[in-house]
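Here's a quick tour of a two-chain model. Have a look at the sequence and the fold, then read on.

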Amino acid sequence: MRRFALISVPYIWLLALFLVPFLIVIKISLSDTVISIPPYAPTLTFSEGWGGIVAFFKGLDFETFEFLMSDDLYWKAYLSSLKIASIATFMTLLVGYPIAYGMTRAAPEWRPTLLMLVILPFWTSFLIRVYAWMGILGQEGLVNQALLWLGLIDQPLVILNTPTAVYIGIVYTYLPFMILPIYSALEKLDDSLLEAAEDLGCSKLSAFWLVTWPLSRNGIIAGCFLVFIPTLGEFVIPSLLGGSQTLMIGKVLWEEFFSNRDWPVASAVAVILLLILIIPIVLFQRNEQKQREAEG
Amino acid sequence: MVQVATPKPVFAPWDDPTLAPLIQFKNVTKRFGDFVAIDDMTIDIYEREFFALLGPSGCGKTTMMRMLAGFERPTEGKIFLGGQDIDAIPPNRRSVNMMFQSYALFPHLSVWDNIAFGLRRQKLPKDAISDRVNEMLRLTRLSKFAHRKPHQISGGQRQRVALARSLARAPKLLLLDEPLGALDKKLRQETQFELMDIQEKTGTTFVIVTHDQEEAMTVASRVAVMDEGVMVQVDTPARIYEAPNSVYVADFIGDVNIIEGRATQTDENVHIVWAEGQPNIVGTATDASFGVGDAVHFAIRPEKVSISAEKPADTPNAFEGKILDIAYLGNISTYYVKMPSGQTIKAQTANTRRLSRRDFTWDDSVWVSFTTTAGVCLKG
């Protein structure tokens with residue numbers, strides 16, 4: 001009985017903070033838009049007794065999902081989000097891996113400082129940092145001014161409000177999530193493994209590909225998921241840096257909610273987004289599980 | 001090969017001036033900043049030798065091995081392998097393989113792939129790799145575990161995988177860095193004989209680093225006792241034990257009584273004054289020559305000291321004392337006999353009989369004695 005009580009605490013937590021809100025979102029997605037407060041119907045009322053509840057369930061339908069299928073804006077937004085998230089994850093890996101590798105190669109007394117520098121951006125608001133990038137990437141921004149001053153360009157480059165700016169923003173924001181798991185995987189790597197590889201005929205480069213890379217694979221996979229999953233639904237970065245050119249589902253969702261006040265459609269978008277995200281989340285959990293088994 | 005009908009000669013290539021050594025250290029010095037790890041070392045190691053580097057931690061033995069493997073370069077001097085200066089050759093192009101102290105098995109590869117790792121780098125045909133790996137698995141009795149990962153096998157098995165992997169490329173020279181350090185005593189003893197067996201079968205030259213003197217004595221054809229970057233003595237295990245060239249070596253290997261004194265008479269024997277009121281110790285002069293008045297350290301192993309109730313008549317080296325302590329070790333007993341002058345002499349007797357009453361007990365007055373050739377006279 002006591003064991004049951006103990007286990008029930010996290011489950012009640014999950015139920016209250018994840019499952020109940022999610023059920024509410026599903027319910028809204030099955031409702032119809034009306035001009036009222038709240039802006040959807042039907043609403044569940046218990047005052048009319050059993051008949052009211054039956055009427056409530058009869059009012060629910062899949063109209064919004066059918067609408068999502070019929071309008072290609074949504075499909076395009078999902079696909080474009082998947083594409084941007086995939087490319088951005090790959091770019092974050094390209095930037096993050098050498099940084100993590102360099103950190104593990106640094107003198108041990110420097111490592112805490114370097115780790116600190118990676119985490120440091122979290123100390124300021126995410127929003128402010130993205131706004132700062134607007135200042136850096138804009139027509140009059142630091143990048144353009146520097147390039148003009150160096151004489152590399154005559155006309156300021158258009159970076160802000162393009163996909164390029166979105167990629168820069170995502171790579172910058174999510175870089176620590178890529179670096180930290182890779183760093184922790186590389187830090188565990190025993191140097192004598194590399195010496196053994198060299199001793200057995202590897203050049204330094206092939207020792208990296210045959211030993212370091214495969215042994216940091218779990219860190220790479222973890223880092224990629226940690227970047228990919230939140231990037232897929234990212235809203236702030238595309239709306240601030242991407243302008244109107246960048247189509248991402250997070251932005252569509254925000255516009256449905258706040259510009260169109262179409263809560264059922266917005267909820268349906270969110271439900272489908274979650275269904276898409278379940279696949280990488282499950283894969284991520286399996287990777288973590290496998291890693292724990294290999295270590296234990 | 002032609003079989004010659006003579007008794008098998010003793011394996012002692014270091015005594016044969018016609019043989020060229022496999023490894024030559026010529027005035028090698030290695031410094032790390034101000035710290036001198038290896039100090040002007042010159043040593044020859046011959047083919048098929050099982051050469052042990054023995055010394056306390058920090059004596060430079062691991063540095064020496066890492067220079068042979070190519071992970072460190074000498075600050076001064078040259079190292080030759082098979083007559084070739086190996087300074088410019090990187091570790092991956094030396095026909096030297098190393099068995100690491102931590103074994104350094106690749107955790108993401110199976111036992112089979114670990115052993116095949118070095119062979120694949122040689123770009124051998126698939127069949128040749130597979131034959132060689134299977135041969136190595138048989139040699140180290142690991143065939144059953146070929147498809148396990150390193151974390152799925154025991155410490156002793158991991159040690160054998162590391163050995164198989166380092167032998168797979170048939171190196172001219174195999175370096176073993178504290179190979180048995182992680183094993184418990186029983187397994188270690190078994191593995192020592194296994195190592196010797198494998199060394200004999202493959203004909204590879206082995207250089208082993210160890211801080212366990214028993215291990216060095218068991219496996220090695222020659223032992224080098226090192227201290228602070230210098231080889232104090234390089235010799236066969238028997239000579240290291242019976243004819244140490246210094247107090248350091250005598251003290252480092254096995255148990256020993258060191259008696260300090262002064263030479264009074266130096267004919268074919270050295271007579272040593274060592275304590276007031278005691279007769280002189282008469283010892284055989286070794287390589288070192290002593291003049292009258294020179295300081296002498298007389299080193300004698302406890303098992304060469306006998307203990308008796310009556311004064312033995314056949315040796316000048318007989319001294320009376322009192323039993324201070326007795327250490328019963330099962331197979332042997334060590335008696336700590338205190339001399340009237342204050343020194344303690346250890347004497348060992350083998351417990352050849354079970355259930356016999358012990359002849360001596362605490363505070364008994366006894367005579368310790370040894371022959372004139374039992375000990376060695378050392379300068380310091």
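What pLDDT does chain B average? Chain B comes out at 88, and 96% of the residues score at least 70 (pLDDT is the predictor's confidence in each residue, from 0 to 100).

## Model and confidence

This is a predicted model, where local features need pLDDT of at least 70 and side-chain atom pairs count only at pLDDT 80 or more, while totals for chains, interfaces and linings use all residues. Residues are numbered from 1 along each chain as its sequence is written, with chains lettered from A and ligands numbered from 1 in the order in which they are written.

The model gets ipTM 0.82 and pTM 0.80. Helices (H or I, at least four residues) and strands (E, at least two) are DSSP runs, numbered from the N terminus.

## Where the chains meet

Chain B puts 16 residues into the contact and chain A 14 residues; two residues touch if their C-beta atoms, placed from the backbone, lie within 7 Å. On the chain B side, β6 (96–99) and α2 (111–121) are the elements giving two or more residues. The largest share, three residues, is from α2(B).

## A helix pair in chain A

Helices α4 (residues 72–105) and α11 (residues 217–232) of chain A pack at about 140°, axes 9 Å apart. Axes are lines fitted to C-alpha atoms, for helices over the stretch in contact, and angles run from 0 to 180 degrees between N-to-C directions. Among the residues that meet are A85(A) and T89(A) in α4(A), and G223(A) and V227(A) in α11(A).
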